[in-house]
Amino acid sequence: MCMGPGGDESGMAVGECAVRMARAGATLVGVNCLFDPNVCLDVLKSMKVALDAFELSPYLMAQPLGYRVPDGGSFGWVEIPEFPFAVEPRQITRFEARKWAREAFNLGVRYIGGCCGFEPYHIRAMAEELADVRGCLPEASDKSDHDLAIHKELESKLCRYANKGDMSFWMNQKPCTGRPLSTPFCCQPAPATVNKAILN
């Protein structure tokens, strides 16, 4: 279902939507598109509470956007000014995709994917995160430095790679958009000099 925390377009609560679908015979219930991974996770939590209350147990699924849209309004990313042609600065990182996949799995979601904005490296990162459940790494993991072994080695040789071999560094990263006037760029703890031309 394409819905956010406010429920469907008619205003029906997400929990009620999930219960109605399960009672109608759906074996798979969840959310797809419109909202980012964090919002989708909140929606799934509400669905799960309602399903558990009625002792219903369909499989849970989620395919969120690969973009951060906490300001998306009632209809998600379609309501942001950047939609649809300038959303790239909002794209999640592969480590955000990993973290989300683990949280979704821990919640009970068993069909985990991605919708608009997800790239192959996001899907691979999620599969790498869940390798303990899947029983193996995805085929292309030998090209992704999934265990950060390459970066651990570089970290020991070059100071510019400090912390880059540490998974917690990446999992807790708050990336900048790189856009000079964006909030993340303007709020850097140790700002670099910025050319005044960016103000034009």
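Predicted model: local features only at pLDDT ≥ 70, side-chain atom pairs only at ≥ 80, totals over all residues.
Okay, quick definition before we start: helices (H or I, at least four residues) and strands (E, at least two) are DSSP runs, numbered from the N terminus. With that in hand, P84 sits in the loop between β2 and α3. A cis peptide bond links F83 to P84, with omega at about -5 degrees. For context, most peptide bonds are trans.

Residues are numbered from 1 along each chain as its sequence is written, and side-chain values use heavy atoms, with hydrogens and water left out.

So what have we got overall? The protein chain has 8 helices and 3 strands, and from the N terminus they run α-β-α-β-α-β-α-α-α-α-α. Of its 200 residues, 38% are buried, where buried means under 20% relative accessible area, exposed over 50%, and partly exposed in between (1.4 Å probe, protein chains only).

How far can we trust it? The number to look at is pLDDT, the predictor's confidence in each residue, from 0 to 100. The chain averages 89, and 88% of the residues score at least 70. A contact, by the way, means heavy atoms within 4.5 Å.

Let's go to a helix pair. Helix α2 (residues 37–53) packs with helix α3 (residues 94–107) at an angle of about 0 degrees, with the axes 11 Å apart. Axes here are lines fitted to C-alpha atoms, for helices over the stretch in contact, and angles run from 0 to 180 degrees between N-to-C directions. That makes α2 and α3 roughly parallel to each other; the label covers angles under 35 degrees, with over 145 roughly antiparallel, 65 to 115 roughly perpendicular and the rest oblique. On the α2 side you'll find P37, N38, L41, L44, K45 and K48, and they meet W100, E103, A104 and L107 in α3.

Next, α4, residues 120–129. Since 7 of its 10 residues are buried, α4 is largely enclosed by the rest of the structure. Those buried residues are H122, R124, A125, M126, A127, E128 and E129. They pack against α3, β3 (109–112), α5 (131–134) and α7 (167–171).

M3 is buried, at 4% relative accessible area. Which residues does M3 touch, leaving aside its neighbours within four places in sequence? They are D8, V14, C17, V31, L34, F35, V43 and M47.

Most residues other than glycine have a negative phi. E55, in the loop between α2 and β2, has a positive phi near 55 degrees. With 74% relative accessibility, E55 counts as exposed. N163 has a positive phi too, near 70 degrees, and lies in the loop between α6 (149–157) and α7. N163 is partly exposed, at 40% relative accessible area.
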